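I opened my notebook to look up a few things in this structure. My plan is to take one topic per entry.

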Amino acid sequence: MISTDIKDWTHIFSGFKHRFARDSDIVNLFSAIKFTILEYSSLENLLLSKIDTSDENVLSALCFMVSEMEKNSVSRFGHLVPSPEKGSACKRLLLYLKWMIRKDDVDPGGWNLDPSKLVVPLDTHMYYITSKLGFTNRKSADLKTALEVTDVFKKISPNDPTKYDFALTRLGIKNELDRDEFINHIDGLTGK
């Protein structure tokens, strides 16, 4: 990736389209990653340079990472990697961090950051499940909701609040699983 030229990416991704992402978005994102890695040696080093042991979570370092990537970009790619400071739940970015930091049968890990600082990657599936479980009463799946849900998971697993993300989001993703049956089962266990 580091040795690939922007012109090559432009050629490789010419005509690419997936949902809201276009070829130019991917090229801009890759160029931002490339120049950020050239400056910091890795995205992990960039985060490590800004995260403090007293930080409750990784969000301030994440804001810095996004601003550095934007600084190193040829053009905007914001909808692919939004900044937490704008209130977005930043699902893709937080999911990426979960993959890179946690190490188990689901997440490959490898980065030397504390998993207790992770924030739950909140998508529509996790939002539905956590709302039904009473983890949040908020009406939108934004960053405030992700932080609220993370706080509940920190009571269950303080050292690894994103540990249940994969299992719970599967309930919404896999059609053969009945998430409402799961919620009713949990409600029965808790006496709701």
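How many aromatic pairs does the structure hold? I work from a predicted model, and I find six aromatic pairs in it.

**Entry on Tyr40 and Phe64**

I looked up Tyr40 and Phe64 among these pairs. Their rings are edge-to-face, with 6.3 Å centre to centre and 90° between the planes. Tyr40 lies in helix α2 and Phe64 in helix α4, so this pair ties together parts that are 24 residues apart in sequence. Is Tyr40 buried or exposed? Tyr40 counts as buried, because its relative accessibility is 18% and the cut-off for buried is under 20%.

**Entry on Tyr96 and Trp111**

Next I looked up Tyr96 and Trp111. I note another edge-to-face pair here, at 5.6 Å centre to centre and 85° between the planes. Tyr96 lies in helix α5, and Trp111 lies in the loop between α5 and α6. The pair therefore ties together parts that are 15 residues apart in sequence. I checked accessibility for both residues. Tyr96 has 27% and counts as partly exposed, whereas Trp111 has 13% and counts as buried.

**Entry on a ring cluster**

Which residues do ring pairs link into a cluster? I wrote down Phe13, Phe16 and Phe30.

**Entry on α2 and α4**

I went back to the helices that hold Tyr40 and Phe64. Two packed helices are described by the angle between their axes and the distance between the axes. Helix α2 covers residues 23-40, and helix α4 covers residues 59-71. They pack at an angle of about 105°, with their axes 8 Å apart. That angle makes α2 roughly perpendicular to α4.

Which residues of α2 meet α4? I list Leu29, Ala32, Ile33, Thr36, Glu39 and Tyr40. On the α4 side I list Phe64, Glu68, Met69 and Lys71. Sorted by class, this contact has six nonpolar, one polar and three charged residues.

**Entry on Ser116**

Where is Ser116 found? I find Ser116 in the loop between α5 (91-101) and α6 (124-132). Ser116 counts as buried, because its relative accessibility is 14%. Its side chain makes a polar contact with the side chain of Asp114, at 2.8 Å. I then left out residues up to four places away in sequence and looked up what Ser116 touches. My list is Glu56, Lys154, Pro158, Asn159, Asp160 and Pro161.

Technical notes. Residues numbered from 1 in each chain as written. Predicted model: local features only at pLDDT ≥ 70, side-chain atom pairs only at ≥ 80, totals over all residues. Heavy atoms only, no water. Axes fitted to C-alpha atoms, helices over the stretch in contact; angles between N-to-C directions. Helix = DSSP H or I, 4+ residues; strand = E, 2+ residues; numbered from the N terminus. Parallel < 35°, antiparallel > 145°, perpendicular 65-115°, else oblique. Contact = heavy atoms within 4.5 Å. Nonpolar A, V, L, I, M, F, W, Y, C, P; charged D, E, K, R; others polar. Buried < 20%, exposed > 50% of the residue type's maximum accessible area, 1.4 Å probe, protein only. Polar contact = N/O pair within 3.5 Å; in protein donor to acceptor, adjacent residues only side chain to side chain. Phe/Tyr/Trp six-rings, centres within 6.5 Å; stacked < 30°, edge-to-face > 60°.
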